[in-house]
Amino acid sequence: MSHTRKRVALVIGAGSVKCAAALGLWKALSRHGIELDMVVGCSGGSLYAAVMALGYDVDTCERLTRELWTRKITERRDIRSVLGGFLPRLFRFDGRFATIDDRALNETLHGQFGARRFDEAKIPLHVVATDFESGQKVVLSEGSIFDAVRASVAIPYVWKPWQVGDRWLLDGCMSDPLPVDVAIREGAHAILAMGFESPYPRRVKSASRYAFHVSSIYTNNLLRANYSFHNLAHHAEIIPILPEFDRQIGLFDTDQIPYAIEEGARAAEAQIPYLKRLLDVVPG
Amino acid sequence: MSLDVTAEVLERATIVRVVGSVDSLTADALSAALQVHLDEGRARLVGDLSGVQYTSSAGLRAILGTMKASREQGGDLRLAGVSQGVHRILDLAGFTSILKLYPDVGAAVASFAD
């Protein structure tokens with residue numbers, strides 16, 4: 001019997017700043033000489049998946065994502081869109097709604113990814129978004145990384161969907177918050193799945209928080225339903241790496257990135273012995 | 001980590017104590033150990049998971065397979081002493097809505113009241 005190395009995938013689900021835990025996981029893998037064969041990212045996870053896939057070291061990834069995901073990208077309201085939502089005829093509502101102007105987000109993402117393309121990635125990269133028209137999951141594996149990440153982080157009601165080709169794409173979280181199925185389809189044997197449930201605010205203080213809360217209910221239930229199905233329907237080994245955060249980490253709590261990295265590393269270290277044994281031999 | 005499985009046959013249910021990690025390297029052994037009891041007509045099973053700190057997808061499939069087989073025989077697989085880490089995984093996979101979980105073995109055994 002011949003033996004080949006098992007293909008290892010890292011899947012980083014939606015989770016904004018908490019996704020930084022993936023850097024801790026990656027640190028742990030690197031320390032033990034375990035290489036990744038692909039990275040899959042969704043929503044906030046797509047940012048981390050992209051910088052990792054482009055081959056930056058962990059410290060650079062931390063710096064880049066910290067510079068990228070700041071409150072600056074949500075400072076400016078999209079007044080015209082909001083008015084269009086309430087007075088569609090007067091303000092010529094264009095069918096896509098957002099409360100935040102996306103120019104700062106686009107500039108920042110462009111500053112990070114520029115014209116980088118998927119075929120420049122050192123590790124094969126797949127980014128998940130959602131087709132606004134059909135609601136279907138869309139897996140982006142070629143073309144502009146900026147376009148893919150911008151589409152994947154298009155949080156409903158916050159930023160407008162993003163056009164890629166002839167499709168308008170929305171946050172990947174709306175169709176597949178933890179896309180382990182992408183890794184299965186791409187032939188991964190061992191899938192390190194780092195997923196996060198959206199936190200519910202203690203108090204719903206505004207209409208925007210209400211919308212966010214309702215979205216979180218949907219996506220948390222979707223996360224469980226999808227995860228359950230893929231765990232039971234396939235024979236790939238899905239290894240959940242679930243950091244235990246002892247505090248609530250908000251959407252832009254970038255000061256918590258080092259903590260998230262630390263907890264990600266801790267959760268990963270607990271599974272390293274098993275992963276090493278699992279990867280040792282595989283029928284080819 | 002290897003898997004250690006021991007059993008205690010009681011009148012009301014059979015307690016299967018599991019110690020270790022339930023993953024793709026150990027799940028078949030767990031399924032086989034549970035199947036022995038099903039083959040001998042002992043379908044009322046209590047899985048004592050207080051010694052299990054982790055389960056992967058292979059472990060989830062083993063638990064579900066045994067639960068379905070035991071229910072087909074008129075029994076059930078009920079879990080006791082599930083650790084916080086395993087509970088998070090069961091919850092994420094939606095298992096906490098289909099499996100009966102108890103804080104300890106005594107409560108799980110007592111749940112099989114005739």
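1. Which helices of chain A do the buried residues of helix 3 of chain A pack against? In this predicted model, the partners are helix 1 (21-31), helix 2 (44-53) and helix 9 (257-280) of chain A.

2. Helix 3 of chain A spans residues 58-68, and its buried residues are A:Cys61, A:Glu62 and A:Thr65. These cover an arc of only 100 degrees around the axis, so they sit on the same side of helix 3 of chain A. An α-helix has 3.6 residues a turn, so residues three or four places apart point the same way. A:Asp59 and A:Thr60, on the other side of helix 3 of chain A, are exposed.

3. Now to where the chains meet. Chain B puts 15 residues in contact with 15 residues of chain A. On the chain B side, helix 2 (57-72) and helix 3 (84-92) are the elements that give two or more residues. Helix 2 of chain B gives the most, with 5 residues. By class, the chain B side holds 7 nonpolar, 5 polar and 3 charged residues.

4. Helix 2 of chain B also has a partner within its own chain: its axis and that of helix 1 (residues 27-39) of chain B come within 9 Å and cross at roughly 10 degrees. Since angles under 35 degrees count as roughly parallel, these two helices of chain B are therefore roughly parallel to each other.

5. Who makes that contact? Helix 1 of chain B contributes residues including B:Leu30, B:Leu34 and B:Leu38, while those from helix 2 of chain B include B:Ala58, B:Arg61, B:Ala62 and B:Gly65. The contact between these helices has 7 nonpolar, 5 polar and 1 charged residues.

Methods. Residues numbered from 1 in each chain as written. Chains lettered and ligands numbered in written order. Predicted model: local features only at pLDDT ≥ 70, side-chain atom pairs only at ≥ 80, totals over all residues. Contact = placed C-beta atoms within 7 Å. Helix = DSSP H or I, 4+ residues; strand = E, 2+ residues; numbered from the N terminus. Nonpolar A, V, L, I, M, F, W, Y, C, P; charged D, E, K, R; others polar. Axes fitted to C-alpha atoms, helices over the stretch in contact; angles between N-to-C directions. Parallel < 35°, antiparallel > 145°, perpendicular 65-115°, else oblique. Buried ≥ 20, exposed ≤ 12 C-beta atoms within 10 Å, placed from the backbone. Arc of directions from axis to C-beta.
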